[in-house]
Amino acid sequence: MDDQPALHGSDSDGQSSPVGRLAATVERLRREVRAAQAEADGRALIELAKGILVERLGCGPAQASRQLAELTAQAGVTPLEFAVEVINQASRDRVSEVTSAFLAATADPPGRHSSAVRLRTAESGVLAAQDTQAVADSLLEHALTPLGAEAVAIWALGADGSLALAGSAGFSTAEAGRWRHVPPGVTTVARRGLAERTGQWIRSLSDTGLPSIGQHHHCDGGRVAVPAETGGRIHGVLEIAWAAPLEPPPPQIVRQIEALAELCAHTLETYALHHPDGAPLPHVLPDVSELMDLADGLHDPALVLVPHLDADGHLVDFRIHHVNSRFLDPAGRPRGVVSGALLLEAYPMAAGHSELFERMERVYATGEPFRAHRMRLTALVDDVPLAAVADINISRHGGSVLLIWRIEDETARLASLLQHAQRLGRIGGFEENLLTGEITWNGQLYHLYGKQVSDTAVPLEELPAHAHPDDAVAIGRFLRTLLHQRRPASTAFRLQRPDGVTRHIRVVAEPVLDSAGQLYVVRGAYQDISAHHWTEVALAATRDQLAHSEQQASERNRLTLQLQHAIMPPTRAPLEVPGLDVAVRYRPAETQHLVGGDWYDAVVLPSRLVLLCVGDVAGHGIEAATSMVVLRNALRGLAVTGAGPGQLLSWLNMVAHHLTGAVTATAVCGLYDPENNTLRWARAGHLPPVLVRGSDAAPLPLVKGLLLGAVPEATYEEHEVQLAVDDTLLMYTDGLIERRDRSVEESLAQFLAVARAVPPTLDQQLDRLLTHSRSDTDDDTCIVGIRVA
């Protein structure tokens with residue numbers, strides 16, 4: 001892509017003017033040059049394929065040329081495409097690997113070989129190029145333009161972390177001049193490309209806000225910045241620009257770009273040894289022997305490492321080339337055992353959680369030094385992991401890496417731990433020589449006393465003068481035990497500091513006797529226990545408050561249970577009705593704080609009808625229990641009127657709605673007629689009764705009815721069921737079936753399965769339902785059952 005403006009004639013026919021003819025001639029010559037270059041690159045690939053056939057077939061050049069022409073005709077491809085196929089099969093290199101992956105992923109036969117031709121042609125142009133600028137021209141023309149790219153820049157990574165524009169194509173000369181050098185630390189698209197091995201794939205440059213070459217002409221286009229790496233070292237970055245936003249590319253395109261970046265890396269290895277103008281650079285990078293001398297002059301343990309590559313030229317490890325005289329192995333091994341070994345053989349744990357080996361790979365690849373404070377090092381000796389803590393410094397010098405570690409001294413580490421423990425525990429230590437009067441305090445003790453380090457320390461005998469007067473007796477007892485009885489002692493007192501602050505202090509001390517048994521030194525510690533003191537005061541008040549609250553709660557629960565059991569005892573005498581067995585069960589909640597509002601009733605009315613009902617008031621505690629009593633007694637009183645179950649629930653809804661607190665509840669109400677064995681029933685948001693007939697159990701139809709108390713007025717639909725001899729009807733509250741991990745439908749299905757087994761008596765059946773209940777809500781449970789005899 002050429003950014004130079006085209007020249008046009010001033011008259012209507014540009015070709016007729018001298019300037020127009022000159023412009024046309026220049027453009028024609030450019031096309032001819034590009035065509036000649038492409039033909040030369042293609043001819044070089046064809047000649048290389050002929051050479052491969054000469055070697056493989058053992059024939060002469062002429063016969064190889066004829067053989068190539070015959071095979072090309074048989075394959076139905078162009079000579080250049082077949083030549084590339086021969087080269088790929090013979091070389092088995094990175095380009096052939098990428099091409100094979102592309103062909104395997106391409107389902108459409110036409111043009112399948114274009115990727116291989118582009119890569120091989122670009123490679124041929126790179127190898128024939130005289131400088132990096134020619135490499136950029138070849139990459140753009142042969143490999144990147146077919147991918148839709150408009151420009152390319154090749155950046156060389158300097159030893160100091162700077163970036164130099166080694167070559168570019170598609171950008172104007174002025175733009176390339178402005179971006180000739182990028183100092184270290186400046187974040188650009190190219191520098192972002194160094195962060196990851198896979199590089200940076202940017203949909204639109206304007207979305208990132210990052211500066212880069214050509215940002216004003218290609219601001220909305222996509223960008224790709226891939227590190228140019230070979231042999232484990234990053235030599236620079238290949239940056240490619242598109243005019244339009246870049247969509248996520250397929251894997252085969254990503255591999256092509258990575259292969260092109262590797263071609264650039266081979267070129268940049270040569271570029272790094274020369275100035276941009278072609279003049280050789282002075283030899284400034286140290287060789288291994290100079291680095292060994294540098295390591296020996298250090299006061300810290302140091303290792304000189306050289307890269308260890310595999311057969312494909314990939315970095316797999318580092319060889320410990322030299323160990324300096326101050327080397328200290330974390331496992332205590334001598335220098336001779338470590339020197340000459342591979343790093344991962346001597347320290348296999350370096351590739352573990354410490355990430356030491358990954359850091360070294362990064363330093364070797366980019367040249368950016370790495371420093372870490374208190375990194376954990378682990379050495380594996382006889383399958384036993386031995387750990388140490390060290391400060392790490394890793395740097396690259398030429399083709400080698402210098403690793404310096406300063407292993408933390410155990411004595412210094414323990415002293416540091418002690419200082420931090422004293423600071424966190426607010427402990428100050430002291431030592432007092434009674435013979436010389438010399439007193440030694442640490443910094444924390446000065447802080448506890450509110451003094452400066454330059455102030456005079458307080459002797460033990462003067463301690464009462466700095467304490468609250470009420471603590472004089474305790475301090476006197478402490479001093480007598482310590483100084484006269486010469487026994488360890490401790491006491492607590494209130495320290496009054498010069499700044500007016502009072503602190504609660506605990507002092508512990510012990511005497512030190514000389515060889516003659518005479519006391520000459522006292523040492524000990526002060527600890528600020530103010531926070532602990534006030535915490536104890538607060539805890540004591542909290543304990544008293546909690547004890548009072550627990551007593552109130554216990555009394556409240558006891559009264560609630562007494563009220564509930566007085567109204568609905570867990571067992572009651574059976575109801576005597578001719579031709580009908582009636583049984584009820586009530587199971588209170590397992591925990592007292594869940595005392596709820598479940599209720600039941602079974603009573604013979606003056607009309608000889610039997611009132612059967614169960615209900616559940618929302619909530620728990622004394623409010624739910626008292627509301628339950630109101631609703632239960634109200635329903636019993638309303639039933640004397642002779643109204644049907646639907647009307648009874650309608651009146652009960654008005655009672656619930658006008659109760660203080662707007663109580664809500666569910667209920668099932670039924671009236672059984674012993675004369676004709678019929679049951680009329682209605683429901684208010686409650687589960688319908690279950691009819692057990694023979695070996696079948698099923699719920700009655702779900703008639704309409706809102707829960708009680710939700711609205712001021714509501715009507716309730718009634719349903720009538722004809723019962724036969726040995727039929728069993730069950731009414732229950734949801735505490736019998738509800739589970740937290742299952743739906744109501746699943747829980748009801750399990751309940752019906754248990755209900756189908758009919759024991760000889762109704763009491764046994766209700767007991768069996770309670771025993772096999774799988775409810776896990778710890779709620780109250782009520783069951784009312786009738787069986788026609």
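The model is a predicted one, so local features were kept only at pLDDT of at least 70 and side-chain atom pairs only at pLDDT 80 or more, while totals for chains, interfaces and linings use all residues. Residues are numbered from 1 along each chain as its sequence is written, and side-chain values rest on heavy atoms, with hydrogens and water left out.

Starting with the overall picture, the protein chain carries 22 helices and 27 strands. These are DSSP runs numbered from the N terminus, with helices (H or I) needing at least four residues and strands (E) at least two. Of its 789 residues, 43% come out as buried. Here, buried stands for under 20% relative accessible area, exposed for over 50%, and partly exposed for anything in between, using a 1.4 Å probe and protein chains only. The chain exposes about 40,000 Å², and carbon and sulfur atoms supply 54% of that; the areas come from the Shrake-Rupley method with a 1.4 Å probe, and for residues only the protein chains shown count as cover. As for contacts (heavy atoms within 4.5 Å), 58% of those between residues at least 6 apart in sequence join residues at least 24 apart.

On to the rings. A search of the whole structure turns up 10 aromatic pairs. Rings of Phe, Tyr and Trp (the six-membered ring for Trp) pair when their centres lie within 6.5 Å, and planes under 30 degrees apart are called stacked, over 60 edge-to-face and the rest tilted. Phe430 and Tyr526 have ring centres 5.3 Å apart and planes at 50 degrees, so this pair is tilted. It bridges distant parts of the chain, with Phe430 in strand β12 (residues 427–433) and Tyr526 in strand β16 (residues 519–528), 96 residues apart. Both ends are tucked away: Phe430 is buried at 6% relative accessible area, and Tyr526 is buried at 3%. Trp441 and Tyr449 make another tilted pair, with centres 4.8 Å apart and planes at 35 degrees, and both of these residues are buried. Ring pairs join Phe430, Trp441, Tyr446, Tyr449 and Tyr526 into a cluster. Elsewhere, Arg233 sits over the face of Tyr364, at 5.7 Å from the ring centre; such a placement requires NZ of Lys or CZ of Arg within 6 Å of the ring centre and within 35 degrees of the ring normal.

Salt bridges come next. With a side-chain nitrogen of Lys or Arg within 4 Å of a carboxyl oxygen of Asp or Glu as the rule, the count is 14. One of them pairs Glu175 with Arg178 at 2.2 Å, N to O. Both residues lie in helix α7 (residues 173–178), 3 residues apart, or about one turn of the helix.

Asp471 and Arg494 form a salt bridge with the closest N and O atoms 3.1 Å apart. This pair links distant parts of the chain: Asp471 is in the loop between α16 (443–449) and α17, and Arg494 is in strand β14, 23 residues apart. Asp471 is buried at 11% relative accessible area, while Arg494 is partly exposed at 24%.

Arg636 and Asp601 also form a salt bridge, at 2.6 Å between the closest N and O atoms. Arg636 belongs to helix α19 (residues 622–639) and Asp601 to strand β19 (residues 596–604), so the pair ties together parts 35 residues apart in sequence. Arg636 is partly exposed at 32%, but Asp601 is buried at 0%. Salt bridges with shared partners also join Arg585, Asp763 and Asp767 into one network.

Arg486 is partly exposed, at 37% relative accessible area. Leaving aside residues up to four places away in sequence, Arg486 touches Thr481, Pro511, Leu513, Gly517, Gln518 and Leu519. Leu513 is 27 residues from Arg486 in sequence, and the two are 8.7 Å apart in space, C-alpha to C-alpha. With Gly517, the backbone oxygen lies 2.7 Å from a polar atom of the Arg486 side chain.

Methods:
Polar contact = N/O pair within 3.5 Å; in protein donor to acceptor, adjacent residues only side chain to side chain.
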